[in-house]
Amino acid sequence: MPRFSVIVPAYKVQAYLHECLESVLEQSCPDLELIAVDDCSPDACGAIIDEFAARDARVRPLHLPENVGLGRARNAGLQCATGDYLIFLDSDDTLTPDALRSIADRLKETSEPDVLVYDYARTYWSGEIVRNQLAGQLTEEGPAPFRLADRPGLLKVLMVVWNKAYRREFAEREGLTFPPGLYEDTPWTYPALMSAATIATLDRVCVHYRQRRRGSILGTTCRGHFDIFDQYDRVFAYLDARPELAHWRPVLFHRMVDHIATVFTRRGRLPRGSRAEFLRRARAHYARYRTPGAPVRPRVRLRHTMIRLGSHRTYRLLSLASRLRRRARRLAARVGHRTREAALQVHYRVQRRLPLRADRAVFASHGGLGYGCNPGALESAFRTLAPQIRTTWIAHAEHHHTVPPATRRVRPGSAAYWTALARSAYLVDNTGFDRRLVKRRGQVVIQTQHGTPLKRMGLDLQDRPAAARGTDFAALLRTADTWDYCLSANRHSTLVWERVFPCAYTTLEYGQPRNDVFQRATSADVARVRESLGIPETSVAVLYAPTYRDYRRGPLHTLDPERVLRRLGPRFVLLTRAHPSQGGPPARGSGGRLIDVSDHPSVESLCLAADVLVTDYSSLMFDYANLDRPIVVYADDWEAYEAARGTYFDVRSCPPGAVARSEDELVDVFASGLWRGARSARLRAAFRERFCPHDDGRAAERVVRRIVLGERAGLPAVVPLAERRPVPSAAASRPAAALTTSPSGPAGATQVPPLPSVPAPGAGVAAPVAPDSL
């Protein structure tokens, strides 16, 4: 008996059926039967199903003699199902990779519940992928399994059959079947959740819900949408037959009214001339199932009023009044905003006429984010080396907690913000201040930049429209004209900045101030950061930090972290950091070994915690190289990235370590030991020599002494690479604390245990590979 019965009804979906069926058969959990139901489709769906059945014995084709509709086609599949759990999948949707494995693991963790609810993401024809906005209801925190009464918020999640797994014995005991007509999911999902003795959730996207441009059933204009009334009659009849479920009537009543109102207000569903009839039916259902003790929330009161009165004319009048009220509020808000902005600009002009304060410096990072990056390192150096200068940090309110207590905090766009820009002698930023900034005589603007450029920047984006996205290059140069100094980490950066920002600033090739911490941190600092992140003491921490893609919209999914982590083995922990411009943090899972650090305020701290960095084309590799720890470049889409963004050199030809071009190659890099071998060390040494010549821990000091203290001679000399001692990783320093006497070596000799080995792709456990044997 298989673990899963995956039921896929098919009708007029020949363009999508291949992808759907393949997404099931390619799952890493092979213990399944795929029941593909040909609902007498007039296109090639039946032939496609037979082709799949001929090549894979797990496919059970079922051809219906006549078209019966989605619900009854599912019923036909149910009659053939033999699996422990039922999975329903629409034939234009797909399962995500390893979805069934994650579902199976979660079912085992939660003692085989009656229903498991998992997440989905909408995939649009444009390529955009948007995760379910109510994913927070699926959090795995708290006891599991549970009953619906413990977490009634689950009813807010889209009530469809295909985002849940059902224990087959439970479905048969409750007599769950699908009725004919549209909205056939309704009489299945509500009874299933309300009657389930045990429910669990899985906070992971397991289904890609295709949003077809045309041709979807719910987007069809027809009287079939009147079926919604019959479907809710069936649900309430189910409750009437089970008095123990009567307490769900108020909730179900609200869900019904919201659903009916949605059908009515969505354009293109109801045929012309049928809307008044639909509302009359809706009014009858409202009166029939209205339940005492079901107060109406203010935000949906208008929709309930429309259904209760059953008058389209009244609804239109109320809707018009509501729209006018909203427009009046928006107009008042716009007028208020413009008035405030005008007042702030008057305030700014007044402040610019007041004397400049030579003992003031203002700092910002990434347009108002928290304390950090190069401006953060310089702000700290200002307070240490020039304590007479009072510092101010510009950040949004939610980031104020990251700013040191001794530093004043101001919000972008506030009166204090414009005062700081007008009166401070030193302005320090890594992206650029407000373009309305007027640089005063005597002000010093320091552009720190935020990393060594691999991808094209500035004027080099003029022939890259996907990356430029309407950039005003003239305004960009006007901003660069205000710079007095531009910081650079190496010769490569200097040549790029001076070419792409051709202005009159002075380049200070002193190193990246934010990298000073790598030379100054101690092993105690590393241990403290790892403990705060929840990294087990004996684990190898892999930091996965991809950059964003100009040619892609929505979250970035070039790597499946959970799948990689399973293949790496139990000794590895994966820290995943999504780029703020792309997002898409992975779902939580893998027994706590997958840690999302996308919101962590300090990427430098994450680097200290990590034993190895896996990245693609992010400038983080240049910073991490200063730690002299292993780096793996995951370049699975180099050609597309190069075509869209453009780069200054092919990182694959001079990488800081091993290079992987696919997920399997990435796992093989760890299985073979290449990630920490002698060849990787040689590549990293050459990379550091080229890109890390000045990052010796005193870059911020050199900047402050030169610009603020006016010292040109006698600046701290650069420590040669060979003499630097960056803080070692936890994995590298661990054996030193656990040295054991070798029984076969000379007296007093020591032997250290090797780092954990990784199973090779498609093989068993690989033998440990000595780091220096490659």
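**Close-up views of a predicted model**

The whole structure holds 49 salt bridges, each a side-chain nitrogen of Lys or Arg within 4 Å of a carboxyl oxygen of Asp or Glu. This is a predicted model: local features need pLDDT of at least 70, side-chain atom pairs count only at pLDDT 80 or more, and totals for chains, interfaces and linings use all residues. Residues are numbered from 1 along each chain as its sequence is written, and side-chain values use heavy atoms, leaving out hydrogens and water.

**View A. Arginine 3 pairs with glutamate 112.** The closest N and O atoms are 2.8 Å apart. Arginine 3 lies in the segment before β1 (4-10) and glutamate 112 in the loop between α4 (99-109) and β6 (115-124), so the pair ties together parts 109 residues apart in sequence. Helices (H or I, at least four residues) and strands (E, at least two) are DSSP runs, numbered from the N terminus. Arginine 3 is buried, at 17% relative accessible area. Glutamate 112 is partly exposed, at 33%. Buried means under 20%, exposed over 50%, partly exposed in between (1.4 Å probe, protein chains only).

**View B. Glutamate 109 forms a salt bridge with arginine 106.** Their closest N and O atoms are 3.2 Å apart. Both sit in helix α4, three residues apart, so about one helical turn separates them. Glutamate 109 is exposed at 53% relative accessibility; arginine 106 is buried at 9%.

**View C. Arginine 702 meets aspartate 696 in a salt bridge.** The N to O distance is 2.8 Å. Both residues are buried.
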